[in-house]
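Here are my notes on this structure, point by point. Please read them beside the model.

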Amino acid sequence: MFNANYNEGQAMHVAPTTSAADAIRELMTFHHITQAEFAQHAAISQKQLSFILNRKAFMSIPVARQIEAATG
């Protein structure tokens, strides 16, 4: 799940290999739903979801909570 870059004598840097955008996209693919359908279900705008999926905007805490509530 993590990529670790380690050089002896240096701090270890761990970078996640997945993001919230990846998880949402995977969920949409699994359930065969469009961005518009997912956005409506999560009560966010399709434009906002598009920005998150394309990594043009970070997900705010309220939006993360709305998505969590919508997806369980």
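1. Arg55 is not a glycine, and it sits in the loop between α3 and α4. Helices here are DSSP runs of H or I with at least four residues, strands are E runs of at least two, and both are numbered from the N terminus.

2. The model is predicted, so local features need pLDDT of at least 70, side-chain atom pairs count only at pLDDT 80 or more, and totals for chains, interfaces and linings use all residues. Residues are numbered from 1 along each chain as its sequence is written, and side-chain values use heavy atoms, with hydrogens and water left out.

3. On confidence, the mean pLDDT (the predictor's confidence in each residue, from 0 to 100) is 84 for the protein, and 76% of residues reach 70 or more. Among the elements, strand β1 (residues 2-5) has the lowest mean, 48, while helix α2 (residues 35-42) has the highest, 96. Where pLDDT is low, the predicted coordinates should not be read in detail.

4. Helices α1 (residues 20-31) and α3 (residues 46-53) pack at about 120°, their axes 8 Å apart. Axes are lines fitted to C-alpha atoms, for helices over the stretch in contact, and the angle runs from 0 to 180 degrees between N-to-C directions. Ala21, Ile24, Arg25 and Met28 of α1 are in contact (heavy atoms within 4.5 Å) with Leu49, Ile52 and Leu53 of α3. By class, this contact has six nonpolar residues, one charged and no polar.

5. Leu49, Ser50, Ile52 and Leu53 of α3 are buried, where buried means under 20% relative accessible area, exposed over 50%, and partly exposed in between (1.4 Å probe, protein chains only). Seen down the axis of α3, its buried residues fall within an arc of 160°, so they line one face of the helix. The arc is taken from the directions from the helix axis to the C-beta atoms. These buried residues pack against α1, α2 and α4.

6. There is one salt bridge (a side-chain nitrogen of Lys or Arg within 4 Å of a carboxyl oxygen of Asp or Glu) in the structure. Asp22 and Arg55 form this pair, at 2.7 Å from N to O. Asp22 belongs to helix α1 and Arg55 to the loop between α3 and α4, 33 residues apart in the chain. Asp22 is partly exposed at 29%, whereas Arg55 is exposed at 51%.

7. His32, in the loop between α1 and α2, also has a positive phi, about 55°, although it is not a glycine. His32 is exposed, with a relative accessible area of 71%.

Note on methods. Nonpolar A, V, L, I, M, F, W, Y, C, P; charged D, E, K, R; others polar.
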